[in-house]
Amino acid sequence: MSHRLLAPSLLLTAALTLPGLAACGQDSSSPATSTTEAAERTAAESGPSASSAAATRTSATDAADPRDVDLEGRTIAIDPGHNGGNASHPEEISRQVPDGRGGTKACNTTGTSTNSDYSEADFTWSVSTMLRDSLEDAGATVVLSRKDNTGVGPCVDERGTFADDADLLVSIHANGSESSSAEGFHIIVADPGEDEKTEKASVALAKSLGNSMGDSFTPNRAYGEDAISRRPDLAGLNNASVPAVIVECAEMRNPDEAKLVESESGRQKYADALFHGIVDWF
């Protein structure tokens, strides 16, 4: 199936560690709250689980081959975090854009990298295109927030609004904690959400992705017992009108996770887990 691309009209992400769509650089070396506070807040705010709908959904774990899944009629938006040309355009990506909460935010950031300089932009582009291929094999229409990994942009506000006609938005990132001992994935949803219905659907999507990711990867419990955190400051999520999450797939400065991130088979494993989580959400 053919896929649509959003041609970036705004320019994105800087060599500065400015706060952008997700907490991927040194600004995100630790959660905004303590481990205990994050766990308590997540339990209080994550809302009802999606277990009541599980019986009516396709089981992703039973669908090893995307061609065995029917996503015909579904439109899925994928946002590969950052962009390969951001670092060479610091002025463009540091300009301010609407943050979706009445303030402004830097257009984007360069993202993080492994200690051997494999960039987050390279990782997210690779995983996103692998995920796109699986979703299209299952019959879905896929829209991407950027058309390649050599450009600049789009800015974080557009990374939310480009998905307005989709059923859901998954923004793919990796974290860059300063400590090499930090490990695991975590998932972020907007707080507060666009509206109550969309917010609950976003939490359900986060839980579905977390369950699928947890089958293969370590959840980072510092962000809550279910590795889901709620944040009001991420413009990509704030500007989304559909169920939306950011998935921080790995800690890129953890040596073991860096090896996985840098390998094609490891990136395919991340894409497969995301695919299964999306399928289970429907």
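Student: Is Lys-105 buried or exposed?
Tutor: Lys-105 is buried, because its relative accessible area is 9% and the cut-off for buried is under 20%. Keep in mind that this is a predicted model.

Student: What does Lys-105 form a salt bridge with?
Tutor: Its partner is Asp-233. The closest N and O atoms are 3.8 Å apart.

Student: Where do Lys-105 and Asp-233 sit in the chain?
Tutor: Lys-105 is in strand E4, residues 104-106. Asp-233 is in the loop between strand E8 (228-231) and helix H6 (235-238). The pair links distant parts of the chain, 128 residues apart.

Student: And how accessible is Asp-233?
Tutor: Asp-233 has a relative accessible area of 28%. That makes Asp-233 partly exposed.

Student: Which residues end up in one network?
Tutor: Lys-105, Arg-231 and Asp-233. Their salt bridges share partners, and that joins them.

Student: How many salt bridges are there?
Tutor: The count comes to 6. One of them pairs Arg-230 with Glu-199, at 2.2 Å from N to O.

Student: What does the pair of Arg-230 and Glu-199 tie together?
Tutor: Arg-230 lies in strand E8, and Glu-199 lies in helix H5, residues 196-214. So the pair ties together parts that are 31 residues apart in sequence.

Student: Is Arg-230 buried or exposed?
Tutor: Arg-230 counts as buried, at 7% relative accessibility.

Student: Why can side chains like these pair up at all?
Tutor: Side chains of opposite charge can pair when their charged atoms come close.

Student: New topic. How many disulfides?
Tutor: The count is 1. Cys-107 and Cys-155 form a disulfide, with their sulfur atoms 2.0 Å apart.

Student: Where are Cys-107 and Cys-155?
Tutor: Cys-107 is in the loop between E4 and helix H3 (120-137). Cys-155 is in the loop between strand E5 (141-144) and helix H4 (158-161). The two are 48 residues apart, and the pair links distant parts of the chain.

Student: Is the disulfide of Cys-107 and Cys-155 left-handed or right-handed?
Tutor: Left-handed, because the torsion about the S-S bond is about -95°.

Student: How accessible are Cys-107 and Cys-155?
Tutor: Cys-107 is buried, at 0% relative accessibility. Cys-155 is buried too, with a relative accessible area of 0%.

Student: What about Cys-249, buried or exposed?
Tutor: Cys-249 counts as buried, at 1% relative accessibility.

Definitions and conventions
Residues are numbered from 1 along each chain as its sequence is written. This is a predicted model: local features need pLDDT of at least 70, side-chain atom pairs count only at pLDDT 80 or more; totals for chains, interfaces and linings use all residues. Side-chain values use heavy atoms; hydrogens and water are left out. A salt bridge is a side-chain nitrogen of Lys or Arg within 4 Å of a carboxyl oxygen of Asp or Glu. Helices (H or I, at least four residues) and strands (E, at least two) are DSSP runs, numbered from the N terminus. Buried means under 20% relative accessible area, exposed over 50%, partly exposed in between (1.4 Å probe, protein chains only). A disulfide is a pair of cysteine sulfur atoms within 2.5 Å.
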